[in-house]
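Subject: The structure we talked about

Hi,

Here's the structure I promised to pass on. Have a look at it first, and then read my notes below.

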Number of protein chains: 2
Amino acid sequence: MKIELKPIGIIHSPFKSKEDIPCQSYKSAETGEIEVFKEFEDGLKDIEGFSHIIIVYYFHSSKNYSLNVKPFLDRELRGVFATRHPRRPNRIGISTVRLLERKENLLKIKGMDVVDGTPLLDIKPYVQKFDERKNVKIGWLEDKLKNEVKNENINSSFRE
Amino acid sequence: MKIELKPIGIIHSPFKSKEDIPCQSYKSAETGEIEVFKEFEDGLKDIEGFSHIIIVYYFHSSKNYSLNVKPFLDRELRGVFATRHPRRPNRIGISTVRLLERKENLLKIKGMDVVDGTPLLDIKPYVQKFDERKNVKIGWLEDKLKNEVKNENINSSFRE
């Protein structure tokens, strides 16, 4: 079975190369613009009511996939499906971003973590009831994110 | 630009037709099984550590798309990108489900809301820090979900 998709838009981002991108959108205060192609503009009706949207896009600059990858936060090889690494069999990425403004077919967003020119596949409203879960365990990421918080605290105490 | 994807697995669900499915996975206590094809099994390494995963799949039984759709919870036409409706230009669906158990290439999950035989495109770990947002506004869904809660309370008071 082959599935054929066509981009519905393009993401304009201040990040011109992969190396510039923060590892997750929650770490990014950067703004950017989503251009939805004119033929799909009608599908944006009612989107203004949502403060956050989930953007679904295609990691177009990842050429091949690996089943084991070294994630940004780790030095060990991990199964690609236990990471958000772009080198996945179907190169689909998702990010939850803040919707700042809509002007016709253009969406101004905050929390940008993709490279400029990334093809957009879909937009979904972020709904806490649908998208949040309690009592969550996050496996190998547990220690990594804890250390990250610790380092951030150390850094901010240096700044004080 | 055309993007070609290939399923990495198949979702086995107790729901044999679209009419049986709850409108969102948070409303479902049903279990099901994700079969990841053997060639991708190595990519599941470390997945056991996560209590919840985001499954990305293809709405294979939706034939055409509409830019304006009538969502399950509403009587008005809404822009498809302001809904989770399956009749979208690229028929990608996402659900956050509980991972109960892994046996080799099989994942037992809870919170099933897709039809049996749905092609699986990707699996991502659910990570609160990446996937949760505060101060969320949910537009047209605000009243609908409030009424839902009210109705649930009425129902549960009947049960008491």
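Before the notes, one term: a nonpolar core here is a set of buried Ala, Val, Leu, Ile, Met, Phe, Trp, Tyr and Cys residues joined through C-beta atoms within 7 Å. "Buried" means that 20 or more other C-beta atoms lie within 10 Å of a residue's own. Also bear in mind that this is a predicted model.

With that in hand, the largest nonpolar core comes to 80 residues. Take A:Ile55: if you skip its neighbours within four places in sequence, its contacts are A:Ile34, A:Ser95, A:Val97, A:Leu120 and A:Ile123.

Now for how the two chains meet. On chain B, 59 residues are in contact with 59 residues of chain A. Several elements of chain B give two or more residues to that side, among them β1 (3-5), β4 (52-58), β7 (92-103) and α2 (141-159). The top contributor is β9(B), with 6 residues. By type, the chain B side splits into 31 nonpolar, 12 polar and 16 charged residues.

The chains also pair strand to strand: β1 (residues 3-5) of chain A and β1(B) run antiparallel, joined by 3 bridges. In that pairing, A:Glu4 sits opposite B:Glu4.

How are the two copies related? Chain B superposes on chain A by a rotation of 180 degrees with 0.0 Å of shift along the axis, at an RMSD of 0.0 Å. The copies are therefore related as by a two-fold rotation axis. Glu4 turns up again here: in chain B, the C-alpha nearest the axis belongs to B:Glu4, 2.3 Å away from it. Both copies use the same surface, since 100% of the contact residues of chain B recur in chain A.

Last, some strands within chain B. β4(B) pairs with β7(B) in the antiparallel sense over 7 bridges, and B:Tyr58 stands opposite B:Ile92 of β7(B). β7(B) is also joined by 5 bridges to β8 (residues 106-110) of chain B, again antiparallel; there, B:Arg102 has B:Leu107 as its bridge partner. The hairpin of β7(B) and β8(B) has 2 residues between the strands, and B:Glu104 takes a positive phi near 55 degrees in it.

Cheers

Methods
Residues are numbered from 1 along each chain as its sequence is written. Chains are lettered from A and ligands numbered from 1 in the order in which they are written. This is a predicted model: local features need pLDDT of at least 70, side-chain atom pairs count only at pLDDT 80 or more; totals for chains, interfaces and linings use all residues. Two residues are in contact if their C-beta atoms, placed from the backbone, lie within 7 Å. Helices (H or I, at least four residues) and strands (E, at least two) are DSSP runs, numbered from the N terminus. Ala, Val, Leu, Ile, Met, Phe, Trp, Tyr, Cys and Pro count as nonpolar, Asp, Glu, Lys and Arg as charged, and the others, Gly among them, as polar. Two strands pair if DSSP finds at least two bridges between them. Copies are superposed by least squares on the C-alpha atoms of residues with pLDDT of at least 70 in both. A residue is buried if 20 or more other C-beta atoms lie within 10 Å of its own, exposed if 12 or fewer, and partly exposed in between; C-beta atoms are placed from the backbone.
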